[in-house]
Amino acid sequence: MSFHSMKVAEGLSTESSIVVETIQRSGMFGKLLTVERETCTSVANSLRSNGVSYRSNVSNMSSTRYKGKDGKEDSGLDIGIAPPQHAKWQSIGAIMVSEVVGAGVLTLSRKYAQLGWIPATIFIVVIFLITVYTSNMMVEVKKVFPAIISMADAADYTFGRVASSFVQVLMAIFLCTTLGDYMLLIGKSLASTLYSVHLCFPVWVTISLLVIFPVMQLRTLNSTTALCVMNMVSICAAVALVIAGLVIDGRDPGVETFLVAEDLDFLTFMQALSAIFFTFGGQFMFYELMAEMTDFTEFPKSFLIVGPFQVPLYLIVGTVGYYYKGEAASGYFLDNLDFGWMYRAASALLFFHMTVGFLILGNVFSRIVHIKLSPYRVNDLGLRGKLEWLGCTSAVIVVSYLISNIVPFFDQLTSLIGGMLIPFVCMILPIVFQIKTHFMTGRRIKAWEWALWGVLICFGFLVLGVSTYMNVKAIIEGWSTYGAPFSCHCDGIWDTCECSPARMEFTGYNCTV
């Protein structure tokens, strides 16, 4: 993942038509990469002159070493993880399993309540298949332009620098809002763990910021494999506790569920789809993952590991929550539990999960910002390099803090991101890049491909437009009902009848007295 970064060196190779540049990129987990490749303009000119599918002759990649206080390269201070282009598809699949299962899964029981058994189940499967299909498109584009390491690179090679800048801005918005969603959930899960301590939501988020800030000053993530494993175990354990609690409490006799939700309309349908799209939003990092592989053409095989884990987990969470709670199923899965030790334990596990998730994604985004603003000092461990890193991480954390307090509603913020950004990043862009690559290489596009791609692009824009409207409307209504940004927002996190009447009722309290 990267913004357009520094061009360190440029010159002509032995073939006068080939111009080589050396650039820096932020790879997986924020790993700093040095890439030697042919310029996008040089590759495009070669395609036009040859009229055939082009394969880059120059595309070398290595992990960048950090510089010590004396300015010299320190061989012992690299990122601390495996060098690029060494991973097998099995390893990438395991990483994807740990990264794709996160905040989005917590909204699925509510999506079942909004859609009903059949539509929700169908679209979880369909959107997963679309993700697999468009990831294959990304591989095909990278076969032609193997030096691609990010979505912005793909835009640069296919449409040029203006398109690349647009994608960079889009990815920045996506990462900022996603980190804001993570910060919101960190604050909410911390407050839920200590629900008998009655502090307002902005205070809990501020405490979360103070916890995250010192950890974010780490320039390297030395134990990324261990972090991924712990992250996956923590979210699975939290979900398992909620499911166990629902089973123990049993299903209320008055709960009703429907094959298709009785009050389902077009606008509600699109709004619910946006949250499902968010759960499959990992495509923004697929090019970075491919850069880690010995053979990136095997990347689609990773879904043989991801699919059997991700799809059943999503279906279990959605169906269990809907079965036991019906139309009252919460948009925050843990809120389906009553106050008690299970709720505390699940909240504590979620707090850990989201903190690690923020650390990883925040490190990646901070690295991108650092490369963009100060490419010559991005690997400097001296005082100035540390101060610059402090500034980048502080900016990322503060923006995330503001977003989490401006939109303090987890379900609505998650759905807004899923509807406004994910269809474009994860479906429309890969298709558009594939179409342009076919034109550049002279490959004829078949009629059925035009038809399928046209339907997917139209569907993506439809979800984007309608769901964004509905989610913004829901956020405005939330401000009217629960309070403006930075209000107390104690609903669901305090064990009082004033703030959590429904939760208190099924915990055993009579809030009508």
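Author: Met440 sits in helix α15, residues 422-441 (helices are DSSP runs of H or I, at least four residues, numbered from the N terminus). This is a predicted model, where local features need pLDDT of at least 70 and side-chain atom pairs pLDDT 80 or more, while totals for chains, interfaces and linings use all residues. Residues count from 1 along each chain as its sequence is written, and side-chain values use heavy atoms, leaving out hydrogens and water.

Met440 has 17% relative accessibility and so counts as buried (under 20% relative accessible area, with a 1.4 Å probe and protein chains only). Thr158 is 282 residues away from Met440 in sequence, yet their C-alpha atoms are 7.9 Å apart.

Now to the largest nonpolar core, which has 145 residues (buried Ala, Val, Leu, Ile, Met, Phe, Trp, Tyr and Cys joined through side-chain atoms within 4.5 Å). Helix α6, residues 161-193, gives the most to this core, with 16 residues. Phe358 is among the residues with the most contacts inside the core. Beyond its neighbours within four places in sequence, Phe358 touches, among others, Leu179, Met183, Ile212 and Ile397 (contact means heavy atoms within 4.5 Å).

Methods
Buried < 20%, exposed > 50% of the residue type's maximum accessible area, 1.4 Å probe, protein only. Helix = DSSP H or I, 4+ residues; strand = E, 2+ residues; numbered from the N terminus.
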